[in-house]
Amino acid sequence: MSSNPVIKCESVYKIFGNNAKQTLDQVNGVVDSIKFLEAGLIVGVNNVSLEVVQGELLVIMGLSGSGKSTLLRCISRLTDATAGKIYVDGQDLLALTKKQLIELRRNKMGMVFQSFGLLPHKTVLENIAFPLQVKGSSTRESVERAAQMVQLVGLQGRENYFPRELSGGQQQRVGIARSLAVEPDIWFLDEPFSALDPLIRKEMQDEFLRLQGVLGKTILFVTHDFDEALRLADRIAIMKDGVIEQLDTPSNIVLNPATEYVRRFTEDVPREKVLTVRSIMDPLDESERLGELRVSEDAIVDSVAEDILSEERPVAVVDAKDNIVGTLHASHVIKVLFGGRSAESTEN
Amino acid sequence: MDLLTKHPKAVQFFVLLAVFFLLCLLISPSDSNVLWRFPPLLKQLPFIINDSVRYLMFDWMPVQVYDPIIDDFEEKPLFREFTRSISSIFLLVINFVREIFLGGVKTVVAFTDWDFINENPWVRWPALPWTVIAGWAIILGYKLQGKGLAILAGICTIYLAVFGQWKPSMETLSFVLIAAPVSVLLGLIFGIWAFKSKAVEIALNPLLNVAQTMPHYSYLVPVIVLFGVGDHAAAIATIVFASPPMVRLTLLGLKKVPADIVDSGLMSGCNAFQMMFRVLIPTARRDILIGVNQVVMQCLAMTVIASFIGAQGLGSNLMIALNSLRVGTGIEIGVCIVLIAVLLDKMSLAWANKQTDYFADLTFFQRNRFALVALVVFVLGSILAYIGSFIFRDSYNYLYIVPHNKGITTAPFWQLTVDWIWDTFFYALKAFNEFLITKILEPMKSMYLAMPVAATFVLMMGAGYILAGVRQALIIGGFLLFIALSEYWDRALITAYIASFAVIVSAVFGIVVGSICAQNNTASKVILLICDFLQTFPSFIYLIPVIMLFGITDTSVIIATVVYASVPATRYTVEGLRSVPQVMHDAGSMLGVSRWQRWISIELPLAFPHIMLGINQTVIFALFMVIIGAFIGTTDLGQLILKAISDPQGTGIGLTLGLCVAFMGLAVDQIIRTWADNRKKALDLA
């Protein structure tokens, strides 16, 4: 991962209503959403700064009305931010002309929408080929590329179906294929799986992880589903009332919720499914005798818990290069599995 | 008090009616009484309109124009030059299309002159044999959709040829083929413009409202003044008449495009042009297609009316036939118009739905097979026509062109049927006719005419206030004031009486039939199909069978109006009832309601706003038909409009009368639409 951020937001505001800009200037960027509401202004995004690096998957999580989709729309410039700076690949997004913006979207950005946004008059193949065609590719070229994308998302045999003839999951596969057709560097997904039923959602998440494993895009993923965020994210930004409450890795969010609001989300999360071995291991103590078993520091606790508990001795934790970097005691694992829960239940 | 809190509207209505009748009793009918009839303050309006049009046409902005005949520059008014050039362009294009079908010299003349034609008699553009055009229509139908449409195209074209209506049909077709695309294009342009600019939308809205409620006839007079008489004038009148629904539906469709699709278009990197033509318009296709369909229907509806100002073709033949009571011929021509309408309708639909196959690997012959077959048809048809010239050496060459009225005809059969109906049912029909006129229509007419103008205002504005609010009441007042201050209040009352009678009958009929059919899936489908089919008929066609039965009387007009106006009432009732959510039915069933109770207390209240929109359409349809009915002799506004066509002062009179009719329609429209919108919102249906 290079340290240069692909997407960078500096104090981004989005406020809906008349004279939003002036009002914002008057308060010097300190926004109280209740006072603004009284003035007839709705605060969408409130002083958000964040960076996304190359190949990173940042999930923006929040309930409806938290401003998560608005933030995404600002970064894709489907809506113009009221104030602040947004850089994409070092370019100042808000300073781009209409033409430059179109160029950027045609070559660098792809987006998937909650309600799919497929063109109803075009077939699966035509929908996927559409971004290429508006870019000016020849029919043959765009159709060939679209056919590859159909393969990628596993819709072979349905090229000539219309969106209305497909199930929700299939439609979203088309949406995904379309957004990837131009081979964008940056991939926006706005609640892509929220309209799907739970089983299909799980299937699509797996599919998404598979694709990301192959493609390694820089991704901004918006969802209201905390479990989905935990499952997919490299880092999660939790939003409330337009403000980012916490931006951190899934395990840090679960272990150290920054605010009461975030803690409420993490309460019911099965820790063993989020925490990595690294986060509960002890520093290496040379005097201790370790068992034979080696576990990776990046492993999720749940996946190694059974093995560790069946060991009599503490287990060695290794990094990617097989160097021992710490030890893991069964007592910690037991605490993760049962401790937190019982403590909480007595609290309640 | 209990009643007041429970049904405030009912009490308000009761009070309103009481005031209304009180006013009717108190205001004495005398010409000097202002409350009885308002003074015609707008009497001068027609003349002002005439003077302005004349100024515009003959005096405004003279420019120097080169005249090739006197070989010098001459001073001519700008506007007239402008309308003249539009006229000549239209005439040229219509003639060109017409001569492709029928042959002729006018297109050649347009580029040379008559002398050239006289010196070179060979430069006649030959007509295509009818077999070739029929063949092409079939191929086109097959290419666009498949066997079904090909068969339909075959039946239509062969019918036109065999029944000896080929020439007028092609004349009508050439006129529609120009008017319809131009209307669609204009509609699209204005629709897109209104979509892009709120100001344009606000400016267009009242214009469209008036244009869509103006009776067909009133378009004719100003067009004569501006563009003269002939096919081009008819085409222009048709375009003015047919474009507004297209504008409306384009705008509506574009507005309905989901935000997600717009966003996805933007993120796909569309520029403004690609956004409009590759995302928005195709996505709005459904509504835009309904617009195209409406345009085609309006064009064919206008062919008959446009014949008043010189459109040639089926329309003028139909008029002549109806005028001379040759019902049989009328029916045959009517069928021609309907067939052309249905065929164009289906073809435009199929064209818009066509798909491309990207994976097909085709050879040259496969790719161009339709063009090749068309060429073969052309050659074969020509050869057939040539052979025909030997077979039919002494009579008409039926394999080339079937001359007008020289085909098969079923007219004698229809004439016999009519005679038989008259002989058999004469007394019954006569009795019905007399009963209707003396017992219902005449009393109703006198009642309407006995209303003091002040009472009418109170009634209409009061109803507007109760149902829709103060704003609407004031708007309605404004509309009525225009009519009351013109000279035509009494005439308008007559129009109102015929129309309201027809509306009541149609509404009752539509709601009853619609409700019965909506109880059953198959019946709903069948009735909607019938409605579709009836709506393809140009309005004039409805007059044919009623004239056949009732001759030229008010009864005919009323029956034609009732039939024509029942269609929207029925359709909206079925649609409204069918759109009541299933869960409501289920909830009702679990509460143990009977079918009747379900209809009364669940379906009807929920569907009522939509049904009222149907009644709204019924009112507009009825007004249209009543005005058209002037053609067979009613004594309302329509009669005056018809007269205005041949009056030198006609422009102003025709337009004023047209506005009167439009305002009547719009007044009702205001009440019902606002009420239905509010109601739908209240029921959470919108």
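Reader: Which domains does the assignment give for chain A?

Author: Happy to start there! Domain bounds come from an automatic or database domain assignment. For chain A that assignment gives domain 1 (54-73 + 97-108 + 184-269) and domain 2 (272-347). Keep in mind that this is a predicted model, where local features need pLDDT of at least 70, side-chain atom pairs count only at pLDDT 80 or more, and totals for chains, interfaces and linings use all residues. Residues are numbered from 1 along each chain as its sequence is written, while chains are lettered from A and ligands numbered from 1 in the order in which they are written.

Reader: How many residues of domain 1 of chain A are in contact with domain 2 of chain A?

Author: A contact here means that the C-beta atoms of two residues, placed from the backbone, lie within 7 Å. By that rule, seven residues of domain 1 of chain A are in contact with five residues of domain 2 of chain A. Helix α10 (residues 250-255) of chain A supplies the largest share of the domain 1 side, four residues. Helices (H or I, at least four residues) and strands (E, at least two) are DSSP runs, numbered from the N terminus. That side divides into five nonpolar residues, one polar and one charged. In this scheme Ala, Val, Leu, Ile, Met, Phe, Trp, Tyr, Cys and Pro count as nonpolar, Asp, Glu, Lys and Arg as charged, and the others, Gly among them, as polar. The C-alpha centres of the two domains lie 28 Å apart.

Reader: And what is the strand order of the open sheet in chain A?

Author: Strands of a sheet pair through backbone hydrogen bonds, either parallel or antiparallel. Two strands pair if DSSP finds at least two bridges between them. In chain A, an open sheet of four strands runs in the order β2-β1-β4-β5, with antiparallel pairing. Its edge strands, each pairing on one side only, are β2 (42-53) and β5 (91-92) of chain A. Strand β4 (residues 83-88) of chain A pairs with β5(A) over two bridges, in the antiparallel sense. Look for A:Val88, which stands opposite A:Gln91 in β5(A).
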